[in-house]
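Here are a few notes to read alongside the structure. Keep the 3D view open and find each spot as you go.

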Amino acid sequence: MNSDNIEYLDCDVIVVGSGGTGSQAVQAAAEEGLKVIVISKDPMSSSDTKICEGVITVRESGDNTDTEEALSENIKLAGADLPDKKITVAFANDSKDAYDRLRVNGLRPSINKEKNKPKTLAIAMGGHNKSRSVGHKNSGVAFGHTNWDTIIKYKNVEYFEDCWFLEVVKEETEGNKGKDIKVLGGIVYDAARGKVLFINAPSVVIASGGLSSLYFPKTDTMRGNTGDSYALGIKAGADLLDMEQIQFLPFCLASPPSYEGLLAGEPSTASFLGVLRDKNNKVILDSVYLRTRAECSEAIMRAVEDGRGSPNGGAFLDMTKNISAPKSGKYFMKYLKSALPSAYNNARQALGKEAGKAEIPWEVRPSAHYSMGGIRVDEYTRVIHSAENQYEPIFIKGLFAAGQAMGGLFGANRLGSTSLTELAVFGYRAGKSAAKNANQSFKNKNYDIFHEHYFNFKNLFNKKGKLKPYKLKLDLQKKCWDNIGPARTEKKLKKMLTYLDKIEKDLNNVNVPEEMIWNQQFIDLIELKNMITTAKAVAIASLKREKSVGGHVRLDKKTSSLFSKPYSTLVKINKNNTFEAYKLLRQRTPLKRIINYKISEKFRFMKAKILRILPESISDKIIENKYKNILGTDQITIKPGSLDGAPGDKVNQI
Amino acid sequence: MEEKYLNIKIKLKRNNEIKLIEYKYKKRTHDERPMALDVLLQAQEEQYDDLAFRYGCRARNCGVCTIDVNSRPKLACRARVREGDILSAIVTLPVIKDLVVKRDGITRQMKGYNNIPKKNDLNEDANKLYHNLTACIECYACLDGCPVHAKNNITDIKKNEAYKYGNPYSFLKIQRLLIDPLTPDSEKYKLIDKAKRLGLDIYRREYNSLKIKCGVGINLKGEVIKPLLDAAYGDEFEKENK
């Protein structure tokens, strides 16, 4: 490649990603008067934030008795004690101001005139111990506009789209406790103009989202979630936390192809009489509405494993009993349509009229939705790499991560409507931390080290091998689903690691042309490499997680007891340049709370059992009354990913 | 018996050369009615691993997969195709490669348009018209047939430059801010001025023959262009349209 194709740039802060997190980081740094460069591979603000349900957690929005402590504890318990307390506290402290900042930037909720504050959802969102979820007209698209407006607001912000951020450029020296790592900037492939950008900057913010595309098309998220954040992070030396904790939504569409992966419903959609069946019509899970998402996914995937799955590798969600009940039947359709309207529409369009009326079972299969794990950071989003001892954090100077890229906030489970708050709180914190670091740093003027870093990428153009990167990507996605998907075993995880070693070798034999303008094979190769790195971290972390907990289901292991000592998994690249996993012990919730929980869980399932064994005429009447209660409120909304959607997920709510 | 295949034409563009290829789409079920995006994904998997196209959410929300199907802009993820259909890049923005167009000239023309102080009280309701406009997913289907945008030179992909002339999307952004209850009156003239600088008067001249279509059904002519013209030219515009 000719050196004319290199463009030399410099700035104070690079923000990788232009979604909700990226735009908040941009604002925070730009307000300080610093020069900011935003790098985005997709068109500006076309991120998961734009396509989400648009419900956000705002402390005290619905209930004056809400406190910072209540919210912080709520998040920590939901995450099975895996979250870092300092991070959940930061989340709770900033959530109100963070939301107001989005409103200043153009987000307009409906206002409750009496209370003079935004209206919250009619029913307190499940899992939250207070009413604090605010919905928005046009869902995530309203946030998309806000993010877009935030990025273009400032004169000191430069913006590049169709650009793939290749690597964090860093300098390593021997420090007291281990390696000292300092960020010098980044290397970017500008596909639109056919250039490579060398950007000198003392601060880099990683805000490039999640990993759900590892499972494409079994995901309801944006295509761009190829694990870029985690790969960039670990290659820069960062620790990754809880990478095995991936949220799968159990009831997504398995066909037709155009709808594959999109959300069809949540456990609560099944209502009081919905069950899951295998292809032989045998019930594989009852009381579906009380189950956790992980339990539903597990039942489906076990049937698939045993060869009893549906034609497209799922199972059947049978809600026909709900509709045929003499008294309560007529209420069910109203409930089904209004509880989760967008998911219901997906299902009706994809599966047809009869399915739309719940007269026939729906074929469903889990989809990847969110990565709760991510780059290890402190509450100021400063990225951490640990030396010999994982309890001794060392900061990577100049590197920050926020949003879905970061770990330590949600642990094993995520409450509904919290991810939008996560990006508003930590995106902004990341921008401020990056600005502070930039103001305290000397500017590097030398590009020599960039050339050294770039050498590896330069060699990826013009490769004369036989394999197609796109084909390898598809193969990897299939293997990820089979081996590190919603249900895992030790055997599968080890098989995955062997496969990853093989595919890494295959990279030497790929075919990539020399052209610089929108080199599709180069783009696919870069994303493939990031996916391989991320998949490896997921597999290794999963092996370190000895029992099923939260979003992680092991078919060959028991569910983690609430009495066992909680720990996060930590993956990092060790001295020999291989990946290694460690345990990071976390503080356990006091015993009293755990016992309270156990009692409430027993009670919950007992009630469901009674409903099943009572004569139909009596249970029908009870259910009728239950519907009347739910539908009696002016509006019901259950948001995908929320605990309302899966009341069973209240496992850690006390 | 239904056909097992669909023959779809895809227009490729590389290094200023245009090539029309024919792809035989294999239906996955006998009654499949695939979307344009399904065809592109299968073509990339089976035959053209270098095929360049955009997509995101596959559910009509993200607005990035807009292409022309038989010369009409459509969201590839929700546009069903039929035998003989032609898929190509939209003609209203410069093509980078195949079906991928450079979109950021529009983003750049709006830089700083919203840098205005906001009122302190955030708790004011925006009206229905405001929310009608935030339904926009930025798919750029509205560029088709816009006489203002047609004045831009859209050939160069090598420069990150702002377009001089506006389009229904950029005017929608301005109109949304204009009816935002938090925008102070003293700032509104700046927004109108921005609209004028983007060539709003072209709409004034061509208002009656104006045909623009929104990809998600927003009434662009009635709820964006007309109120902006009213705000900018007031009575004069009213008179012209009597």
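Predicted model: local features only at pLDDT ≥ 70, side-chain atom pairs only at ≥ 80, totals over all residues.

1. Let's start with B:Tyr203, which counts as buried because its relative accessibility is 0%, and the cut-off for buried is under 20%. You'll find B:Tyr203 in helix H6 of chain B, which covers residues 200-206.

2. What does B:Tyr203 touch, leaving aside residues up to four places away in sequence? Its contacts include B:Cys146, B:Pro147, B:Val148, B:Phe171 and B:Leu229. Take B:Leu229: it sits 26 residues from B:Tyr203 in sequence, yet the two C-alpha atoms are 8.0 Å apart in space.

3. Now hop over to chain A and look at strand S11, residues 195-200, where 6 of 6 residues are buried. Both faces are covered: A:Lys195, A:Leu197 and A:Ile199 are buried on one side, and A:Val196, A:Phe198 and A:Asn200 on the other.

4. Which way do the partners of S11(A) run? Strand S1 (residues 6-10) runs parallel to S11(A), joined by 5 bridges, with A:Ile6 opposite A:Val196. Strand S10 (residues 179-190) runs antiparallel to S11(A), with 6 bridges, and here A:Val188 stands opposite A:Leu197.

5. Last stop, the surface: A:Phe563, A:Leu591, A:Ile595 and A:Ile599 make a nonpolar patch of about 370 Å². A:Phe563 lies in the loop between helix H16 (520-544) and strand S25 (567-573) of chain A, and counts as partly exposed because its relative accessibility is 40%.

How values were computed:
Residues numbered from 1 in each chain as written. Chains lettered and ligands numbered in written order. Heavy atoms only, no water. Patch = residues over 30% accessible without salt bridge, like charges linked within 9 Å, V, L, I, M, F, W, Y side chains within 5 Å. Areas by Shrake-Rupley, 256 points an atom, 1.4 Å probe, with all protein chains shown as cover. Salt bridge = Lys/Arg side-chain N within 4 Å of Asp/Glu carboxyl O. Helix = DSSP H or I, 4+ residues; strand = E, 2+ residues; numbered from the N terminus. Buried < 20%, exposed > 50% of the residue type's maximum accessible area, 1.4 Å probe, protein only. Contact = heavy atoms within 4.5 Å. Pairing = 2+ DSSP bridges.
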